[in-house]
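Here's a quick briefing on strand pairing, a helix crossing and a salt bridge. Have a look at the model first, then read on.

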Amino acid sequence: MPGQPLLDPKLDVIFKRLFAEAPDLLANLINAVRSDEPPIVELQVLNPQIAPEELTGKFIVLDILARDQTGQLFNIEMQTRNHAGWPSRSLYYLARNLGRQLQAGDGYQQVQPVIGIHLMDFDLFEEEQACWAFELRDRQRPQIRLDRSLQLHLIELPKADRLHSQGGSTLADWILYLKHWQEDVLMQSIESPAVKKAHARLQALSDDDEARRLAFVRERALHDEVTEKAEAEARGRLAGKAEGKIEGKIEGRADSLRRLLQLRFGALPDALEQRLQCADEAELTTWTERVLFAGQLEQVFAEDKG
């Protein structure tokens with residue numbers, strides 16, 4: 001019997017199942033991204049489980065937290081949408097993992113680096129570069145690094161796919177896999193054993209009814225999240241238009257009243273001009289009615305004593 005259509009490995013619940021349940025594949029991905037660093041030999045996934053509420057919760061990211069043999073912590077995420085404030089959110093969670101390491105009485109020398117690896121299915125920067133590595137370095141002398149406690153690797157998958165289309169590295173194979181998992185010809189061109197294994201695992205997950213159900217639940221939740229956000233933005237635009245119309249109406253009435261006052265009494269003192277600019281609709285109505293009968297400018301703006 002032919003296998004089920006492949007699930008999208010970029011869907012966060014499938015991405016986490018693929019890599020959290022196979023630490024060797026996760027280590028290979030990390031080593032491919034950080035090919036200039038000593039390779040990870042052993043990796044422990046600290047949050048392999050997916051809680052039911054994580055599948056349906058709004059604005060939840062199904063990340064993978066892992067620790068290598070030296071104690072370094074890794075936070076791996078797959079992002080398919082560019083949320084507002086996304087860079088700040090990413091740094092916040094990395095810093096939180098850094099701060100959680102110390103208990104009362106622990107010395108700062110016990111702090112281990114926290115390294116984020118975020119794979120993004122969108123272009124974040126306009127520059128041609130697709131793979132980024134951020135650390136605490138001096139602005140004028142970037143070769144001087146203050147510390148390695150916080151590191152963040154960003155891979156812009158669409159851009160990286162274009163730049164790495166020639167292949168030739170494990171990272172290029174991972175990028176090819178994540179962008180073209182449905183294309184058999186391209187999948188057959190992959191040479192990395194780990195990526196081949198990941199593709200086989202994806203087929204097994206795609207044939208599993210429970211995995212397909214979880215993928216459906218997660219996709220529906222993400223779709224609902226996007227829909228609710230779009231509806232909220234639409235309501236905000238409508239409210240803004242209505243408010244703008246009201247403000248425009250008030251400004252128009254204030255301009256008309258100003259012209260009447262100037263025709264009857266001449267130029268307005270600054271204090272009264274300020275009151276006119278800050279007036280609401282009820283005040284403008286009262287003052288306009290008084291213009292017809294007031295003998296002096298001050299009578300128009302007189303405070304009611306009733």
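In which sense do strand β5 and β6 pair, and over how many bridges? Strand β5 (residues 131-137) goes antiparallel with β6, over six bridges. Bear in mind that this is a predicted model, where local features need pLDDT of at least 70, side-chain atom pairs count only at pLDDT 80 or more, and totals for chains, interfaces and linings use all residues. Residues are numbered from 1 along each chain as its sequence is written, and side-chain values use heavy atoms, with hydrogens and water left out.

**Strands**
- Strands here are DSSP runs of E, at least two residues, and helices are runs of H or I, at least four, both numbered from the N terminus.
- Two strands pair if DSSP finds at least two bridges between them.
- L119 faces I155 in β6.

**Helix crossing**
- Helix α2 (residues 23-33) and helix α8 (residues 193-206) have axes that come within 10 Å and cross at roughly 135°.
- Those axes are lines fitted to C-alpha atoms over the stretch in contact, with angles from 0 to 180 degrees between N-to-C directions.
- On the α2 side D24, L25 and N28 meet A194, K197, A198 and R201 in α8, contact being heavy atoms within 4.5 Å.

**Salt bridges**
- There are 16 salt bridges in the structure, each a side-chain nitrogen of Lys or Arg within 4 Å of a carboxyl oxygen of Asp or Glu.
- One of them joins D121 and K179 (2.7 Å, N to O).
- D121 lies in the loop between β4 and β5 and K179 in helix α6 (residues 170-180), 58 residues apart, linking distant parts of the chain.
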